[in-house]
Amino acid sequence: MTKFNELGISNPILKALENMGFEEATPIQAETIPLAMEGNDVIGQAQTGTGKTAAFGIPMLEKIDPKQRKVQGLVVAPTRELAIQVAEELNRIAKFTGIRALSVFGGQHMDRQIKALKDGPQIVVATPGRLLDHMRRKTIRIDMVEVAILDEADEMLNMGFIDDIRDILKGIPEERQTLLFSATMPKEIRDIATNLMKEPKEIKVKAKEMTVENIDQYFIEIPEKFKFDTLNNHLDINSPELAIVFARTKKRVDEVAEGLQTRGYRAEGIHGDLTQGKRMSVLNKFKNNRVDVLVATDVAARGLDISGVTHVYNFDIPQDPESYVHRIGRTGRAGRTGEAISFITPREMAHLQVIERTTKSKMKRLTPPTNQDAQRGQQQVTLDKIRKTIEKAELKSYHETANELLEDHDSVTVISAALKMLTKERRDTPVKISSAAPISVKKGKDNRRSNNKRPFGKRGQGGGRNQGGRNQGGRNRKGNFQKRRNRD
Ligand SMILES: Nc1ncnc2c1ncn2[C@@H]1O[C@H](COP(=O)(O)OP(=O)(O)OP(=O)(O)O)[C@@H](O)[C@H]1O
Ligand SMILES: [Mg+2]
């Protein structure tokens, strides 16, 4: 185990890391920090939740001159929520340095952003579309950038973003240091990456599997029409602290979220068609435990670090094995445990094997729980509450009333009545989820790249701006399917 003070980090940053409760460097941090501080370009790959943000953040902060109020560090990230989160983490690490990171993303008022940029942050964390907007309007200068970072690099260099990234990098001096990070790095993307860098050092934290060991992975083979009730039963049995349910389309996200509300769960949906205000408020409610179940498209699959997420459900199995890795990686972070449960229709069973082969992990089969299992699960939750109350609470003042009840009824009847009152009863209000075509394995083709995946929906996340022109999904000149650009 490596201590941070063995890595040549300056005192103000060491102090912040200590304040944050970081005791030891994670393997990706221990390997990356010295190499990046020497000025090398780095491609860093390590499992989800293992601290890649600090692994690139610390060497970037060490390179920046706090006295210069110019953008010296640039981080590009695929979603708005991730840009905000990365800027927050950098600001925590930079607390005693005088360096400030600003997040810049679509859906926010341009004027306010321009004003914030004029304030002179030394680091900007941006989504690509909005950053390009500022570059064109000349409301940001990135010609003093010394360190450029692509977080979720394989996503950023995928078809949806690659042109934007090329345009952005053209605006930064060639002497820059470039750092690329992700939990996944398919070979064809790595080849693109090396072309954008100078003799990059590759750091790959060796792991047997692409997924994190302390996430227990399960699958349930289930026909489409039983998915929703099965999800209900599962939530009742597991009573997750926080759960994320991934569905394939925005429509299904809305329907599953509304269906769960109808059945009495505190659930909300998040996807790219919502206003930025709504996206933020949903995510904040989830972080503050005012929402227990977040139903999401892949917009929430990458990078988000929300403590307390104990369960990830793939209501719909993702097309890419990479996407599976990132989705389930929203739990089991920073050494904690988690569970991932994927619903697979009988026709999708071959796809399960594709995911297992690529990620080198195995999902254990679960039988779909019955309504009785779910009811017992909910009663168990009540039992646990009662046991805790017996342990902790002062109950003497209730004894007299309890004895009064016991004079008229036997103890089993009395306790059963109390259990009934305390237990969430099942609601069987019918909920209809529109069907989704099953994902199929395309023979003889790289399944991953032929997928026109659209985590942000048809208008992209820019909310209707900048949507014209090239690369709007569909087929490109070579006739391959092309991912719709997620402009922001
Ligand atoms: N050395 C450390 N000790 C303890 N906690 C840490 C350490 N480094 C990072 N963390 C915490 O671990 C969590 C996960 O970190 P981070 O989000 O950087 O992971 P990641 O590798 O980028 O994951 P993903 O691939 O999902 O983006 C965060 O809450 C972060 O603050
Ligand atoms: Mg990350």
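Author: Let's start at E152, which sits in the loop between β7 (147-151) and α7 (153-156). Keep in mind that this is a predicted model.

Reader: What should I look at in the phi of E152?

Author: The general idea is that most residues other than glycine have a negative phi. E152 isn't a glycine, yet its phi is positive, near 55°.

Reader: Is E152 buried or exposed?

Author: Count the C-beta atoms around it; 20 or more within 10 Å makes a residue buried. E152 has 25 such neighbours, so it counts as buried.

Reader: Where is S239, and what is its phi?

Author: S239 lies in the loop between α10 (227-238) and β11. Its phi is positive too, about 25°, and S239 is no glycine either. With 17 C-beta neighbours inside 10 Å, S239 comes out as partly exposed.

Reader: Now the sheet: in what order do the seven strands run?

Author: Strands of a sheet pair through backbone hydrogen bonds, either parallel or antiparallel. Here the pairing is parallel, and the open sheet reads β12-β13-β11-β14-β15-β10-β16. The edges are β12 (267-270) and β16 (364-365); each has a single partner strand, so one side of each lacks a neighbour in the sheet.

Reader: Which helix packs on the sheet and touches β12?

Author: That's α12 (residues 276-287), which also touches β11 (242-246) and β13 (293-296). Its direction makes about 140° with that of β12.

Reader: And what does α13 lie across?

Author: Helix α13 (residues 321-328) lies across β10, β11, β14 (309-314) and β15, at about 150° to β14.

Reader: How many bridges join β10 and β15?

Author: Seven, in the parallel sense, between residues 215-221 of β10 and 338-344 of β15. To find your place there, look for Q217 opposite A340 in β15.

How values were computed: Residues are numbered from 1 along each chain as its sequence is written. Chains are lettered from A and ligands numbered from 1 in the order in which they are written. This is a predicted model: local features need pLDDT of at least 70, side-chain atom pairs count only at pLDDT 80 or more; totals for chains, interfaces and linings use all residues. Two strands pair if DSSP finds at least two bridges between them. Helices (H or I, at least four residues) and strands (E, at least two) are DSSP runs, numbered from the N terminus. Two residues are in contact if their C-beta atoms, placed from the backbone, lie within 7 Å. Axes are lines fitted to C-alpha atoms, for helices over the stretch in contact, and angles run from 0 to 180 degrees between N-to-C directions. A residue is buried if 20 or more other C-beta atoms lie within 10 Å of its own, exposed if 12 or fewer, and partly exposed in between; C-beta atoms are placed from the backbone.
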